[in-house]
Amino acid sequence: MTERSTMLHVRMDNDLKRRATEALSAMGLTASEAVRLLFHRIAIDQAFPLELKVPNAETRSAMAEAEEILNTGKTRFATADEMFADLEKTGRR
């Protein structure tokens with residue numbers, strides 16, 4: 001049996017909607033997904049959730065790399081040992 005759903009109509013300034021949907025898009029969310037996520041967290045936590053932010057350049061780069069790995073199946077390292085060696089060499093942890 002499918003669950004019944006309902007529509008939620010919200011009035012807002014056109015510029016606010018445009019800016020918000022651009023930010024949500026940068027986070028990989030549609031406006032509808034963001035509203036559902038917001039309502040879900042409010043229902044679960046019984047509180048208003050923390051804000052989401054647009055990822056910084058380093059995070060966007062990592063997300064793009066992850067997406068490329070998913071699409072191509074190719075990774076930067078053939079083995080975990082290669083990855084750890086690179087981390088040691090570059091000083092990143």
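Good morning. The secondary structure of this protein consists of 4 helices and 0 strands, where helices (H or I, at least four residues) and strands (E, at least two) are DSSP runs numbered from the N terminus. Read from the N terminus, the order of elements is α-α-α-α.

A word on the source. This is a predicted model, in which local features need pLDDT of at least 70 and side-chain atom pairs count only at pLDDT 80 or more, while totals for chains, interfaces and linings use all residues. Residues are numbered from 1 along each chain as its sequence is written, and side-chain values use heavy atoms, with hydrogens and water left out.

I turn to the overall dimensions. The protein has a radius of gyration of 19 Å, whereas a compact globule of 93 residues would have one near 12 Å. That radius is taken over C-alpha atoms, and the globule rule is 2.2 Å times the number of residues to the power 0.38. Along the principal axes, the C-alpha trace spans about 55 × 40 × 30 Å.

How much of the protein counts as buried? Of the 93 residues, 4% do; buried means under 20% relative accessible area, exposed means over 50%, and partly exposed lies in between (1.4 Å probe, protein chains only). The protein exposes about 8800 Å², of which carbon and sulfur atoms supply 56%. These areas come from the Shrake-Rupley method with a 1.4 Å probe, and for residues only the protein chains shown count as cover. Among contacts with a separation of 6 or more, 30% join residues 24 or more positions apart, a contact being heavy atoms within 4.5 Å.

Next, the largest pocket. Its volume is about 1100 Å³. By pocket I mean an open set of points, on a 1 Å grid over the protein atoms alone, where a 1.4 Å probe fits, with protein on both sides within 12 Å along at least five of seven lines; lining residues have an atom within 4 Å of a point. Grid points are joined across faces, edges and corners, and the volume is the space filled by probe spheres set on the points.

Which residues lie nearest the centre of this pocket? Of the 27 lining residues, they are Ala 31, Ala 34, Val 35, Arg 36 and Leu 38. Helices α1 (14-26) and α2 (31-45) each supply at least two lining residues, and α2 gives the most, with 9. By class, the lining has 20 nonpolar, 3 polar and 4 charged residues. Here Ala, Val, Leu, Ile, Met, Phe, Trp, Tyr, Cys and Pro count as nonpolar, Asp, Glu, Lys and Arg as charged, and the others, Gly among them, as polar.

Val 35 belongs to helix α2. This residue counts as partly exposed because its relative accessibility is 36%. Its C-alpha atom is separated by 9.3 Å from that of Leu 8, 27 residues apart along the chain.

Beyond α2, in the loop between α2 and α3 (57-72), we find Gln 46. Although not a glycine, Gln 46 has a positive phi of about 55°. Is Gln 46 buried or exposed? Its relative accessibility is 67%, so Gln 46 counts as exposed.

Two further residues complete the survey. Arg 18, in helix α1, is partly exposed, with a relative accessible area of 41%. The C-alpha atoms of Arg 18 and Thr 75, 57 residues apart along the chain, are separated by 36 Å. Leu 87 sits in helix α4 (residues 80-90) and is partly exposed at 24% relative accessible area. Leu 87 and Glu 67, 20 residues apart in sequence, are 21 Å apart in space, C-alpha to C-alpha.
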